[in-house]
Amino acid sequence: MTYCEKAPFTKVVIIGAGFSGLAMACQLQRKLGCKDFVIYDRSPAPGGAWWANKYPGCAVDIPAVFYSLSFAPNPNFSMVFPPQVEVLDYFNQVVRKFDVERHIVANMEWEGAYWQDSSGTWLVKLRDLMTGEIKYQECSILISAVGGLVNPNPFDVPGVAEFQGDIVHTARWKPDLSLSQKDVIVVGNGCSAAQLIPAIIGQAKSISQFIRTPQHYLQNDNLKVNDTWRLVFRHVPGALLLFRFLVFLYLESTAVRFRLNGGTKYRNQSAKGSKAYIRENAPEKYWPLLSPKYEIGCKRRVFDNSKYISCLQRDNFRLTDDPITELQSHAVVTKSGRRYPADVILLATGFSLTQYDVELVGRCGRTRSQHWEEYGYKEAYKTIAMSQFPNFFYVLGPNSGKGHTSTIYSIENYVDLICHVIRPVLRDQVSSVEVKVESERQYNENLHAAIGQTIFDNSCFSNSPTLGMGSHTNTHENALRNGDISGPKNSDCITHNNVNSGAAHLTEDISRSNTSMPTSLMQQKLASHPARTHQLLLSNLIFEKGIRRLLARIGAVYKANYILNYAKGTHVAQMDRPQHKIHIQVEETSFCICRTSGNHNLPTYADPGSSLKWVCGTSGIQTSRKYASAIDKAAFSPNIHTGHDLATNRNIGTFTEIPSIR
């Protein structure tokens, strides 16, 4: 029998101790003054993907100056694209600086979360991976900071049990693994493989690399950051910030290449550069395996910082797309019947999209799976929230990724939005906050319409060859028709190698888009490629906020509107039960909020002119938009038909305007 324990109540629970969880924890303290939070993570130590991925050659492929938190800049990186050990060291420095370590509970697997309507709280189910015991944690706010680089794709090939050597995924690297004078098989050709092979080719007797889909490789150099530059970054005011700003501008400028209109020229230039790089540095016999038929950007581009392409000239290296069909004790056998000697198999095959598999139950027993089945695809309002799931938020949720700029920068934007939304809850002004159904649907319609203006409308899926188990287009369309929205399987050619491959970049302001929904086929493509939808970025919106934040920090005045558009005139209600007073004030947010008082709920308020409302009960009280300013002391009393009198627990009608101010 499994022992169950209930932990003491805490205000905020964060799931995941990677960069998303770290940023959320720091900003809870910095912006909201909240120290009542706990972070649960399945790993023995914090760091997320940078703790898990310790394979030789592992490094970041975004310039380090922009792969760091804006409130914790790091002038000490030794390379433009630093190795994993430096990134993890920086991560741990931030943990210590902001006193986050004492809030982290390691070796805890998140198994479920259940909204409690009676108490207005979440009950989070966790499993201690060391003892197997079940633990329940109650909280007001639940934040999923679980990344996509969590569970490696399975390697389901006949004969795995018979193989006598090691089979190791790059995210499960064995520190004592020896490759010296061994025949090594590498499966996959994404960013991890491009970093791994140059790091081990000098040790191995032979390396045979098996691929399925060609990649676009771009020439890149990893320059050292010398002592002089590090001194400048440390001691010259604004130097590091200015350099960060310039890198940001350059990276953001590349987003234009993903537009259907206006991006063709830039895509062709990049594809031409990639082709030239291959022709100059790779053996001619491998050119067909290094020449993608899809447009550049459909999958994540591989920046060859580690000089992988030059390794193809080595005598002990072989590259093939001949599929593996069987493993023997010391060999792999391919579809053509060829036998490759193998002492070690290294899997650089990416990750399964399992971060959304945890059971999540919102209002009235509605599950996350049911919610997404209704939409037909994985989604979240502005990537962070779902209707019917109060006080629950994602950091790097569905549609939140990017492919041309820093993940850390994206994380900070989503954390900022979450902090803005949960502020009334943490201040005990309201008990819950929740996105309105109509707003969520409109957001997704606009989002999908905007996708139609990029190369990800259909072109990324229509020109790919049939590989392995069949066309990925047919595979996913069939899965959609069968109601399978659990994500791509190992047979998916597009997402098998890297969950981050192929980011879409939206260069239209989708929050102001009036375009109608895409065609049914387009919806099927999006719904059946959650990894693809997971990569969408509101490029111009993030650009605007980046400009605003950076210029504000160097003293410039920037009066642009906030990038994440908030509906005007939405009200926050709060009840002081002993005096029976209701306070209405303007809150520029896109969420419904409610507050409970004892066992009573406030009525439901809705502004007909707003896209949002509170969900506070079952009554139908409405307020006129002309009262959408600071209105205080609008008293409830039994002889005024103002809804529900909490003092007497009587329903006394509804009204269409706030009563007179006293």
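Modeller: An axis here is a line fitted to C-alpha atoms, for a helix over the stretch in contact, and angles between N-to-C directions run from 0 to 180 degrees. The model is predicted. Two packed helices are described by the angle between their axes and the distance between the axes.

With that in mind, consider helix 9 (residues 368-375) and helix 11 (residues 437-451), whose axes come within 12 Å and cross at roughly 55°. The two helices are therefore oblique to each other, and the crossing of helix 9 and helix 11 is right-handed. On the side of helix 9, the residues in contact are H371, E374 and Y375, and they meet V437, E440, R441 and N444 of helix 11. Sorted by class, this contact has 3 charged, 2 polar and 2 nonpolar residues.

Next comes an open sheet of 5 strands with parallel pairing, in which the strand order is 8-17-9-10-13. Strand 8 (166-169) and strand 13 are the edge strands, each pairing on one side only. From one strand to the next, the twist averages 15°. Within this sheet, strand 9 (residues 183-187) and strand 17 (residues 344-347) run parallel and are joined by 4 bridges; V186 has L346 in strand 17 as its bridge partner. Helix 4 (residues 191-200) lies across strand 9, strand 10 (206-210), strand 13 and strand 17, and runs at about 170° to strand 10.

Strand 13 also holds one member of an aromatic pair. The whole structure has 23 aromatic pairs. One of them, formed by Y286 and F317, is edge-to-face, with 6.5 Å from centre to centre and 85° between the planes. Because Y286 lies in the loop between helix 7 (264-281) and strand 12 (302-304), while F317 lies in strand 13 (residues 317-320), the pair ties together parts that are 31 residues apart in sequence.

Q116 stands opposite T121 of strand 5. These two strands form a hairpin with 4 residues between them, and G120 in the turn has a positive phi of about 65°. Strand 5 also runs antiparallel to strand 6 (residues 134-144), with 6 bridges joining them. Here W122 stands opposite C139 in strand 6. The hairpin of strand 5 and strand 6 has 5 residues between the strands, and G132 takes a positive phi near 80°.

Conventions. Residues numbered from 1 in each chain as written. Predicted model: local features only at pLDDT ≥ 70, side-chain atom pairs only at ≥ 80, totals over all residues. Heavy atoms only, no water. Parallel < 35°, antiparallel > 145°, perpendicular 65-115°, else oblique. Left-handed = near helix turned anticlockwise from the far one by under 90°. Contact = heavy atoms within 4.5 Å. Nonpolar A, V, L, I, M, F, W, Y, C, P; charged D, E, K, R; others polar. Pairing = 2+ DSSP bridges. Phe/Tyr/Trp six-rings, centres within 6.5 Å; stacked < 30°, edge-to-face > 60°.
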